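I opened the notebook to record a few look-ups in one model. The entries follow the order in which I made them.

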Amino acid sequence: NLDKLDFQIIQEMMEDAEISYADLGKKLFVSGGTIHVRIKKLEELKVVKGKRLSVDLKLLGYDVIAFIGIFLEKSSLYDSVEIVRLNYTTGNYSMFAEIVCKDIQELRFVLHDELQKIKGIERTETFISLEESLDRNVVVSPL
């Protein structure tokens, strides 16, 4: 079971994953050792799944962000489709994927030469992002 301190740790780490356990402990009025033990517990429970580096992909040359609605021939084929980042969804699409490409030619290659060749995909519908205007974490709290 997670308690109030666990949720406070999660919230603080979502805002700044680089904060030291000692500094976080001071902020939450507990020891750095307590923070370390709690983070390990959260990792074992799979609530915390590592720490990620946030990168500005545009500065690395990835100019196109696209969202692809994927229609499967049968929803039971979900497990056999191999795509890296996607959600199995309700609504019009069987799956919804977000991909990042360097340019439109790479997007065309992914759509035409990669996705359409995967057995079980009936068709796709693509939405190109013109701008990401919001990116934020949710506020977590105990139930």
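In which strand does C101 lie? I found C101 in strand β3, residues 95-101. Helices (H or I, at least four residues) and strands (E, at least two) are DSSP runs, numbered from the N terminus.

Before going on, I noted that this is a predicted model, where local features need pLDDT of at least 70 and side-chain atom pairs count only at pLDDT 80 or more, while totals for chains, interfaces and linings use all residues. Residues are numbered from 1 along each chain as its sequence is written, and side-chain values use heavy atoms, with hydrogens and water left out.

**Entry: C101.** Leaving aside neighbours within four places in sequence, I listed its contacts (heavy atoms within 4.5 Å): C101 touches Y62, D63, V64, E106, L107 and V110.

**Entry: the sheet.** I traced an open sheet of four strands in the order β2-β3-β1-β4, with antiparallel pairing. Two strands pair if DSSP finds at least two bridges between them. The edge strands, β2 (86-88) and β4 (121-129), each pair on one side only. Strand β1 (residues 64-72) is joined to β3 by seven bridges. One bridge I looked up pairs F67 with E98 in β3. Helix α4 (residues 104-114) packs on this sheet and touches β1, β3 and β4. The direction of α4 makes about 145° with that of β3.

**Entry: α1 and α2.** How do the axes of helix α1 (residues 4-15) and helix α2 (residues 21-28) cross? They come within 11 Å and cross at roughly 125°. Axes are lines fitted to C-alpha atoms, for helices over the stretch in contact, and angles run from 0 to 180 degrees between N-to-C directions. I therefore wrote down α1 as oblique to α2; angles under 35 degrees count as roughly parallel, over 145 as roughly antiparallel, 65 to 115 as roughly perpendicular and the rest as oblique. In α1, L5, Q8, I9, E12 and M13 meet Y21, L24, K27 and L28 in α2.

**Entry: R38.** I found R38 in helix α3 (residues 32-44). R38 is buried because its relative accessible area is 18%. Beyond its neighbours within four places in sequence, R38 is in contact with D3, L5, D6 and I9. The side chains of R38 and D6 are joined by a polar contact of 3.0 Å. A polar contact is a pair of N or O atoms within 3.5 Å; within protein, one must be able to donate a hydrogen and the other to accept it, and residues adjacent in sequence count only if both atoms are side-chain atoms.

Key
Buried < 20%, exposed > 50% of the residue type's maximum accessible area, 1.4 Å probe, protein only.
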